[in-house]
Amino acid sequence: MKDITTSDDIRLLVETFYGRVHKDEVLGPIFNDIAQVDWEHHLPIMITFWESLLLKSRGYRRNALQPHLEVFQKVDFHPEQMARWLKLFDQTLDDCFEGSNAEKAKGWARGIAHNLQKHIVMQGNIVGLQIQERE
């Protein structure tokens, strides 16, 4: 396996990960039914987002937090949902890549999860308060 070094690598990561999320019994209903994600539109945005973090591109210019907060105004947040997101993300990375950027991606994901959970708590729509660690 190789590390994440190109846009094609980011595309593989994002498409594989969100393919798993789309079908997941815990996360799928949130993304598909509640958020009603338009996957054809969403995936290029996520590719650009991860390229900005891991490849230092400058293409991402959105507020990544706001759409997530809007979803959790419609459904209660449970820490198990975030733990599941992190687990699927880590599994995708472990299945497809190894190296420093793959490890950085895991670190970024944890930071994103922590920040999102902090803002959801401030919004007041959470059941439980701890982000579960990677298994």
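Predicted model: local features only at pLDDT ≥ 70, side-chain atom pairs only at ≥ 80, totals over all residues.
## Helix H6

Helix H6 spans residues 100–123, which is 24 residues. From its first C-alpha to its last it reaches 34 Å, close to the 34 Å expected at 1.5 Å a residue.

The buried residues of H6 are Asn 101, Ala 102, Ala 105, Lys 106, Ala 109, Ala 113, Leu 116, Gln 117 and Ile 120. The cover over these buried residues includes helix H3 (39–54), helix H4 (65–71) and helix H5 (79–96).

## Aromatic pairs

Across the whole structure, a search finds nine aromatic pairs. In one of them, Tyr 18 and Trp 39, the ring centres are 5.8 Å apart and the planes stand at 50 degrees, so the pair is tilted. Tyr 18 belongs to helix H1 (residues 7–23) and Trp 39 to helix H3, so this pair ties together parts that are 21 residues apart in sequence.

Buried means under 20% relative accessible area. Tyr 18 therefore counts as buried, at 6% relative accessibility, and Trp 39 likewise counts as buried, at 16%. Phe 49 and Trp 50 form an edge-to-face pair, with 5.4 Å centre to centre and 85 degrees between the planes. Both Phe 49 and Trp 50 are buried.

## The aromatic cluster

Ring pairs link Phe 17, Tyr 18, Phe 31, Trp 39, Phe 49, Trp 50, Trp 85 and Phe 89 into a cluster. The cluster thus takes in the residues of the tilted pair, Tyr 18 and Trp 39, and those of the edge-to-face pair, Phe 49 and Trp 50.

Conventions:
Residues numbered from 1 in each chain as written. Heavy atoms only, no water. Helix = DSSP H or I, 4+ residues; strand = E, 2+ residues; numbered from the N terminus. Expected span 1.5 Å × (residues − 1). Buried < 20%, exposed > 50% of the residue type's maximum accessible area, 1.4 Å probe, protein only. Contact = heavy atoms within 4.5 Å. Phe/Tyr/Trp six-rings, centres within 6.5 Å; stacked < 30°, edge-to-face > 60°.
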